[in-house]
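Subject: Handover of a structure, with notes on what was found

Dear colleague,

I am passing this structure on to you, and I would be grateful if you could look through it alongside the notes below.

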Amino acid sequence: MVTHHLKEAFVRLNLTHMAAIYDHHAEEASKDSISYLEFLDKLLWAEIDAKRERTTTTNLKLAKFPYIKAIDSFDFDFQPSANQRKINELKTLAFVERSENIVFLGPPGVGKTHLAVGLAVCAIKSGYTAYFLSAHELISMIQENIVSGRIHRKLKTLNKPNILIIDEVGYAAMDDEVAHYFFQIVSNRYEKGSIILTSNKSYGSWGDVFGNNVVATAILDRLLHHSTTINIKGDSYRIREKKKAGFYDVSLYENESNDANG
């Protein structure tokens, strides 16, 4: 009767994992003569760990990452300019606590998105939230919500995650209206939430990206005030594979690399 009563209490309190493991732990406690307090301690921490794991799994799905990658799988030997010491400092997640930003600059394929996602995955596993979208997706989202009249409501949702990743800024130019709302996103999160941004354009080219030097300056002013910039100068991972195969278009890659590195 006591066991049945306990399990009913577990269900009412939504202690689903505790209900599932109770019988096993009760049997172990009886066999090993574990004290009541130690038995309770094991049950409670098993439930806490299970809830943390479920929360992490849910938040990883909600983040909409294009893939899940860890910082540890990044090839710093191939990309020494990525500054492994600085990345390891960022892994402490102090930047999230301080609502600071990170900007990864460099040509296509050097691992900017990998590092951005890796830091956000690390943050989610530590209990923070994150949301990922490409600049192209953000531009489309802004345009669609302007037309539907829900733009201000949408901007509020982008304030919620602890980390907002905006990937591939610079591949598509923005008109004045979109650039204005991009500025609003950066401004709304200023000193309130972290932004991790990747771009193939040097800061000097952002006037072209946003179609307006004044807007670009205002965005950079807020984005860079509390921030870390990591400029990755190196070959694309995809180019490395093509080199191994003995084929790649040198001129195309050099043009993109020179633009990103200013």
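This is a predicted model: local features need pLDDT of at least 70, side-chain atom pairs count only at pLDDT 80 or more; totals for chains, interfaces and linings use all residues.

Residues are numbered from 1 along each chain as its sequence is written, and side-chain values use heavy atoms, with hydrogens and water left out.

The chain as a whole

The secondary structure comes to 13 helices and 5 strands, where helices (H or I, at least four residues) and strands (E, at least two) are DSSP runs numbered from the N terminus. The radius of gyration, taken over C-alpha atoms, is compared here with a globule rule of 2.2 Å times the number of residues to the power 0.38. For 262 residues that rule gives 18 Å, and the chain has 24 Å, well over that value, so it is more spread out than a compact globule. Along the principal axes, the C-alpha atoms fill a box of roughly 75 × 50 × 30 Å. Of the 262 residues, 43% count as buried, buried being under 20% relative accessible area, exposed over 50% and partly exposed in between (1.4 Å probe, protein chains only). Among contacts (heavy atoms within 4.5 Å) between residues at least 6 apart in sequence, 79% join residues at least 24 apart.

UniProt, in an unreviewed entry, lists residues 98-231 as "domain: AAA+ ATPase"; its positions are given in the numbering used here, feature names are shortened, and annotations may be inferred rather than shown by experiment. Over residues 98-231 the chain is 50% helix and 21% strand, with 22 Å between the end C-alpha atoms.

The nonpolar cores

A nonpolar core is taken as a set of buried Ala, Val, Leu, Ile, Met, Phe, Trp, Tyr and Cys residues joined through side-chain atoms within 4.5 Å. The largest one has 32 residues, and those with the most contacts inside it are Phe-65, Phe-104, Leu-115 and Ile-196. At least two residues of this core come from each of helix 4 (84-90), helix 5 (94-97), strand 1 (101-105), helix 6 (112-125), strand 2 (130-134) and strand 3 (163-169), and helix 6 gives the most, with 8 residues. Leaving aside neighbours within four places in sequence, Ile-196 is in contact with several residues, including Phe-95, Phe-104, Leu-119 and Ile-165. Apart from this core lies another, of 31 residues, among them Val-103, Leu-138, Ile-166 and Phe-183.

Aromatic rings

A search of the whole structure finds 6 aromatic pairs. Rings of Phe, Tyr and Trp (its six-membered ring) pair if their centres lie within 6.5 Å, and planes under 30 degrees apart count as stacked, over 60 as edge-to-face and the rest as tilted. In one of these pairs, the rings of Tyr-22 and Phe-39 have centres 6.0 Å apart and planes at 55 degrees, so the pair is tilted. Tyr-22 lies in helix 2 (residues 16-32) and Phe-39 in helix 3 (residues 36-62), so the pair ties together parts that are 17 residues apart in sequence. Tyr-22 is buried, at 9% relative accessible area, and Phe-39 is also buried, at 17%.

Tyr-203 and Trp-206 form an edge-to-face pair, 5.4 Å centre to centre and with 75 degrees between the planes. Tyr-203 is partly exposed at 23% relative accessibility, whereas Trp-206 is buried at 0%. Together with Phe-182 and Phe-210, Tyr-203 and Trp-206 form one aromatic cluster.

Single residues

Glu-47 is found in helix 3 and is buried, with a relative accessible area of 2%. Not counting residues up to four places away in sequence, Glu-47 touches Asn-14, Leu-15, Thr-16, His-17, Met-18 and Arg-54.

Asn-83, in the loop between helix 3 and helix 4, has a positive phi near 60 degrees and is partly exposed at 31% relative accessibility. Glu-168, in strand 3, has a positive phi of about 65 degrees and is partly exposed at 37%.

With best wishes
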